[in-house]
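Hello,

Here is the structure I promised to pass on to you. Please open it first, and then read on for a tour of what turned up in it.

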Amino acid sequence: MAALFVVTYGVIALSYSRQRAAAWFMVSYLLGFFTPICHLLVLYTDQVALFSILGYGVFLGGILTMATGVQAFVGHRPQWRLTLLLWVAGLALRLAIADGPRNTWPYELMFQLPFAIASFVVMLTARQIGQGGPIRAMLIGIFGVIGAHFLLKPWLVLTLGSGPTPKSYLSTVYAAISQISTGVLLVAAGLCLMLLVIQKALEETILDAETDPLTGLTNRRGLYRAGPRMLMEAAMRGEGLHALVLDLDHFKAINDRHGHATGDTVLVAFAQVLQALAAPDMLAVRMGGEEFAILIPDADTHGSDNRATQLGEAIRDALKPFARQGIPELTVSGGIVRYQAGETLDGLIARADLLAYRAKRAGRDRILQDTSNLAPKPGWGEMRRLAAG
């Protein structure tokens with residue numbers, strides 16, 4: 001089973017380069033894979049002390065490496081010093097009791113204590129995982145159980161006995177119960193970790209597919225996934241939602257005069273303005289070319305001075321210093337409309353786009369707002385864009 005986890009985590013790590021946690025989990029279960037090999041070498045070689053200590057250190061290292069993987073998963077820098085300190089301290093304790101009397105309470109407790117501490121470290125680290133839900137809760141619970149089960153093993157040893165020597169240990173009932181229970185719990189932990197890693201990888205894949213590669217804003221695909229939910233939430237809360245569509249003025253002329261590289265610089269700079277000014281509950285989108293849209297939740301939607309108009313004016317003001325920053329002078333035309341009950345996302349964006357077109361026809365460098373309760377019915381000719389951009 002450990003080998004299966006090694007292969008699976010290895011494939012995930014190779015397939016998703018940002019999933020550094022998967023590589024650490026692979027190493028963790030690789031160390032776990034070598035633990036039973038050390039047990040077999042204890043049984044079939046004369047180097048009993050060597051492979052007993054080696055197996056102990058490998059298994060302890062596997063649990064601590066799992067904590068490192070969880071730290072990588074949550075985006076924290078691995079705490080190498082603490083991990084190394086716990087591993088060295090655990091190994092030193094094992095060496096200190098190497099010649100101690102087996103099947104006694106002090107010996108068995110000291111033997112299991114480093115494993116319990118390492119398990120609780122993983123449990124505490126897992127609490128930092130931002131993803132909520134049952135998988136995270138299960139992971140925390142499993143490592144809590146793993147830590148507790150290591151602390152309960154001394155009582156089981158005193159009841160069943162673990163044999164007078166390391167070689168005889170492997171043939172005892174206690175050894176079978178101990179290894180099966182530990183194995184089952186670590187398999188459960190591995191499955192939970194795998195689910196978290198796959199879930200995060202899928203979320204990152206979706207995010208990449210829904211992000212405009214040039215500006216870093218949400219693209220049309222992301223708009224059509226998140227937009228309907230925002231409309232539904234606004235309707236359920238009885239609150240409003242505005243759509244602000246923005247079109248860069250004379251962008252074709254900027255490309256023709258300064259080149260497409262400069263045009264891309266202008267798009268990126270404008271996107272940075274949107275990212276800086278848009279609140280966390282807003283959705284800023286690059287619709288394509290030089291056209292952008294922002295969905296803006298707003299409880300007070302009927303007045304002309306609302307979040308959408310305030311944001312529009314803030315964006316226009318933020319464009320004024322562009323010329324002093326070595327970026328071609330830029331203005332924007334836009335339209336603001338309020339979501340109406342039963343309206344589709346396409347209909348909402350189309351109404352705002354029409355107002356942006358009217359703003360261009362009216363002289364550009366302005367944002368028009370529709371405060372009526374009825375959606376306009378544009379003619380076909382009015383929907384055509386200006387060839388000059």
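Let me begin with a term you will need: a salt bridge here is a side-chain nitrogen of Lys or Arg within 4 Å of a carboxyl oxygen of Asp or Glu. Please keep in mind that this is a predicted model.

**Salt bridges**

With that cut-off in hand, look at Lys360 and Asp247. Their side chains form a salt bridge, with N and O 3.9 Å apart. Lys360 and Asp247 are both buried. There is also a network here, in which salt bridges link Asp247, Asp249 and Lys360.

How many salt bridges does the structure hold? The count is 12. One of them joins Asp212 to Arg286, where the closest N and O atoms are 3.3 Å apart. This pair also links distant parts of the chain, since Asp212 sits in the loop between H8 and helix H9 (220-237) while Arg286 is in strand S2 (residues 283-288), 74 residues apart. Asp212 and Arg286 are both buried.

For a contrasting setting, turn to Asp256 and Lys252, whose side chains meet in a salt bridge at 3.1 Å, N to O. These two are separated by about one helical turn, because they are 4 residues apart in helix H10 (residues 251-258). Is Asp256 buried or exposed? Its relative accessibility is 56%, so Asp256 counts as exposed. Lys252, at a relative accessible area of 43%, is partly exposed.

**The strands around S4**

Strand S1 (residues 240-248) and S4 run antiparallel and are joined by 7 bridges. Within this pairing, Leu244 has Ile336 of S4 as its bridge partner. S4 also pairs with strand S5 (residues 367-369), this time in the parallel sense and over 3 bridges. Ile336 takes part here too, with Gln369 in S5 as its bridge partner. How covered is S4, and how many of its residues are buried? S4 is mostly covered, with 6 of its 7 residues buried.

Leu330 is found in the loop between helix H12 (307-319) and strand S4 (332-338). With a relative accessibility of 4%, Leu330 counts as buried, because the limit is under 20%. Beyond its neighbours within four places in sequence, Leu330 is in contact with Leu248, Asp249, Ile254, Val266, Phe270, Leu319 and Phe322. Leu330 and His250 are 80 residues apart in sequence, yet their C-alpha atoms are 8.2 Å apart in space.

In soluble globular proteins, nonpolar side chains tend to be buried together. In this model, the largest nonpolar core has 46 residues, and those with the most contacts inside it are Tyr9, Phe25, Tyr29, Phe115, Leu139, Phe143 and Ile146. At least two residues of this core come from each of helix H1 (2-15), helix H2 (20-44), helix H3 (48-73), helix H5 (105-126), helix H6 (134-160) and helix H8 (173-209). Which helix gives the most to this core? That is H3, with 11 residues.

Not counting residues up to four places away in sequence, Tyr9 touches Ala22, Phe25, Met26, Tyr29, Gly190, Leu193 and Met194. Apart from this core lies another, of 29 residues, which includes Leu217, Val266, Leu274 and Ile296.

Thr65 is a residue of helix H3. It is buried, with a relative accessible area of 11%. Leaving aside neighbours within four places in sequence, Thr65 is in contact with Trp24, Val27, Ser28 and Leu31.

Finally, take a look at the surface. A nonpolar patch is formed there by Leu30, Phe33, Phe34 and Ile37, which together have about 310 Å² of accessible area. Phe34, for one, lies in helix H2. At 38% relative accessibility, Phe34 counts as partly exposed.

Enjoy exploring, and write back with any questions.

Best wishes

Methods: Residues numbered from 1 in each chain as written. Predicted model: local features only at pLDDT ≥ 70, side-chain atom pairs only at ≥ 80, totals over all residues. Heavy atoms only, no water. Core = buried A, V, L, I, M, F, W, Y, C linked by side-chain atoms within 4.5 Å. Buried < 20%, exposed > 50% of the residue type's maximum accessible area, 1.4 Å probe, protein only. Contact = heavy atoms within 4.5 Å. Patch = residues over 30% accessible without salt bridge, like charges linked within 9 Å, V, L, I, M, F, W, Y side chains within 5 Å. Areas by Shrake-Rupley, 256 points an atom, 1.4 Å probe, with all protein chains shown as cover. Pairing = 2+ DSSP bridges.
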